[in-house]
2 protein chains.
Amino acid sequence: MQIKNKHQINHRISTDCVIFGFDFNQLRVLLIERQPVEGVPQMMALPGDLIFEEENLDMAAGRVLKELTGLEDIFLEQVGAFGDPNRVNKPNDKKWLQAVRQDPDARVITVAYYTLVNMNDYEPQPSSFAKSASWILVDDITELAFDHFEIFQSALKKLKDKINTQPIGFNLLPEKFTFSQLHKLYESILGNELDKRNFRRKMLKLNIVESLDEKQEGVPHKPSQYFKFNEENYLILLDKGFNNFGF
Amino acid sequence: MQIKNKHQINHRISTDCVIFGFDFNQLRVLLIERQPVEGVPQMMALPGDLIFEEENLDMAAGRVLKELTGLEDIFLEQVGAFGDPNRVNKPNDKKWLQAVRQDPDARVITVAYYTLVNMNDYEPQPSSFAKSASWILVDDITELAFDHFEIFQSALKKLKDKINTQPIGFNLLPEKFTFSQLHKLYESILGNELDKRNFRRKMLKLNIVESLDEKQEGVPHKPSQYFKFNEENYLILLDKGFNNFGF
DNA sequence: TGCCTTTGTGTCAAAAGTACACTTTGCGAA
DNA sequence: TTCGCAAAGTGTACTTTTGACACAAAGGCA
């Protein structure tokens, strides 16, 4: 193929995933360490990979998620496309690409996705694109490789917006959970405190959680009732969302 | 450059724009007719173009918008990336690409944007990528080239969501406008009726419109007061948005 | 038995939402 | 000149939602 004019430029497409998890106390993101390269300080990055020829974008993101976590068929939502020509401008990122990629100067556009998973369902696996993976507290993420910090921030903002229009938690919590855990989850996504009684009242009105006949055991305080999501109502609400500017 | 493995596939990146306008009565989208090709029935499409090497994604979308409408420096928001390998599967789309593109089988990923413009500010220009352009009623759009219909639907959904969290109208209406026009605008975006008195009350409480000392003239009914946006408050609200699930 | 920790619950006042109908203004036609 | 038409503009009563706030109950442990 011949490059005839400036329209005819080709690009690589990659996908990066912001995988959120919840440890019952704080929100975390699954980050990887890139393959080590001599002379390049280690830096954390979002898991991601170039997409294959026969894949669509969603499939590529699903593959990255599966390879890293083993999880399949779960909620994955697009954050957007990121693709500055100067996306790779940190010297260490350049060095890393030169060591690892065959065509280190090729322009790359990445399509980012985010997802919410239950941290306890599996152990992160090292994979073809990651030396190791670990759950990092959202509040501790200050710098990432390439433009991944910007992507992470967009994903977090999307998650915060989502909480106002859709139920959240189904994928982040185990099957049975306590109201405090749900409460904590909302607080850690939003980053501020929520009144306990008001939270409970609002949540119950949504009709998506229901009480089980089971209590916590062995805790040195009043044991909490367990709850589960009512999947049917949850899905209905996911679908129609809840408006409230209110027209 | 050599293609060594399936990761190394290159793609074309294009951008497509969903340009919304408002004719004081209904919502419209600026669509183009593709360059005519012998044997391919005309079909409308979103304006768009392949991106240039030195451009980032936002710049490319801005360029398409400017070339078509002359408008610059206005709100453009990303809808997302679309890129099925089978994106181009209608026979007429294939024929068209074969006639027009040098490499008609190259896989194309498109990054879509939407924007809101005041229809009266300019005349759409034919341009390098469009034989002609015209404003089509949102309700009349039933079929578009490639996957543009899907893109259009995503953009419209984004616009509807936006209306619940941010003020809308600044770019869609002229500098002075009547309350009914604003009201109609909201109704045509949302696709349903809104109570006149309640709409006015809510809108006024936002504090983003203010009454001018000027009335409509020459209308065969009670003349309407003109209003304008209070740009300062509008921008503040744009920035912080309004939540209302209410945590 | 007393202490510590977390759960779980109710009320009241303020704000917001919803539903609803009649008067006003200006033009134009009879 | 007056009558009719069409759209503008305005208020109220009722219901629902929000937001602020404090204390008793349960269970482990020392």
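Reply: The model is a predicted one. The buried residues of H1(A) pack against strands from both chains: from chain A these are strand S1 (12–22), strand S2 (27–33), strand S4 (48–50), strand S6 (108–117) and strand S7 (132–137), and from chain B strand S5 (77–82). The buried residues in H1(A) are Leu57(A), Ala60(A), Ala61(A), Gly62(A), Val64(A), Leu65(A), Leu68(A) and Thr69(A). An α-helix has 3.6 residues a turn, so residues three or four places apart point the same way.

The length of the helix can be checked. H1(A) covers residues 57–69, and because 13 residues at 1.5 Å a residue should span 18 Å, the 18 Å between its end C-alpha atoms agrees with that expectation. Just after H1(A) comes Gly70(A), with a positive phi of about 80°.

Chain A as a whole holds six helices and ten strands. Of its 247 residues, 32% are buried. Among the contacts in chain A between residues at least 6 apart in sequence, 73% join residues at least 24 apart.

In soluble globular proteins, nonpolar side chains tend to be buried together. In this model the largest nonpolar core has 103 residues, and those with the most contacts inside it are Val18(A), Ala155(A), Val18(B) and Ala155(B). Leaving aside neighbours within four places in sequence, Ala155(B) is in contact with Val18(B), Val79(B), Ala112(B) and Tyr114(B).

Cys17(B) lies in strand S1 (residues 12–22) of chain B. Cys17(B) counts as buried because 27 other C-beta atoms lie within 10 Å, where 20 or more are required. Beyond its neighbours within four places in sequence, Cys17(B) is in contact with Leu46(B), Pro47(B), Gly48(B), Ala61(B), Val64(B), Leu65(B), Tyr113(B) and Thr115(B). Thr115(B) is 98 residues from Cys17(B) along the chain, yet their C-alpha atoms are separated by 7.5 Å.

Another part of chain A contains an open sheet of three strands in the order S8-S10-S9, with antiparallel pairing. Its edge strands, S8 (177–178) and S9 (209–215), each pair on one side only. Strands of a sheet pair through backbone hydrogen bonds, either parallel or antiparallel. S9(A) and S10(A), the latter covering residues 225–229, are joined in the antiparallel sense over four bridges. Ser211(A) stands opposite Phe227(A) of S10(A).

The DNA strands remain. DNA strand C is surrounded by 21 residues, the closest being Ser180(A), Arg197(A), His221(A), Gln225(A) and Lys222(B). At least two residues of the surface near DNA strand C come from each of helix H4 (179–190) and helix H5 (196–206) of chain A and helix H5 (196–206) of chain B. H5(B) supplies the largest share, four residues. By class, this surface has three nonpolar, nine polar and nine charged residues.

Around DNA strand D there are 22 residues, and the closest are Lys222(A), Ser180(B), Arg197(B), His221(B) and Gln225(B). Two or more residues of the surface near DNA strand D come from each of H5 of chain A, helix H4 (179–190) of chain B and H5 of chain B. The residues of the surface near DNA strand D divide into five nonpolar, nine polar and eight charged.

Conventions: Residues are numbered from 1 along each chain as its sequence is written. Chains are lettered from A and ligands numbered from 1 in the order in which they are written. This is a predicted model: local features need pLDDT of at least 70, side-chain atom pairs count only at pLDDT 80 or more; totals for chains, interfaces and linings use all residues. A nonpolar core is a set of buried Ala, Val, Leu, Ile, Met, Phe, Trp, Tyr and Cys residues joined through C-beta atoms within 7 Å. A residue is buried if 20 or more other C-beta atoms lie within 10 Å of its own, exposed if 12 or fewer, and partly exposed in between; C-beta atoms are placed from the backbone. Two residues are in contact if their C-beta atoms, placed from the backbone, lie within 7 Å. A residue is near a molecule or strand if its C-beta atom, placed from the backbone, lies within 6 Å of it. Ala, Val, Leu, Ile, Met, Phe, Trp, Tyr, Cys and Pro count as nonpolar, Asp, Glu, Lys and Arg as charged, and the others, Gly among them, as polar. Two strands pair if DSSP finds at least two bridges between them. The expected span of a helix is 1.5 Å times one less than its number of residues.
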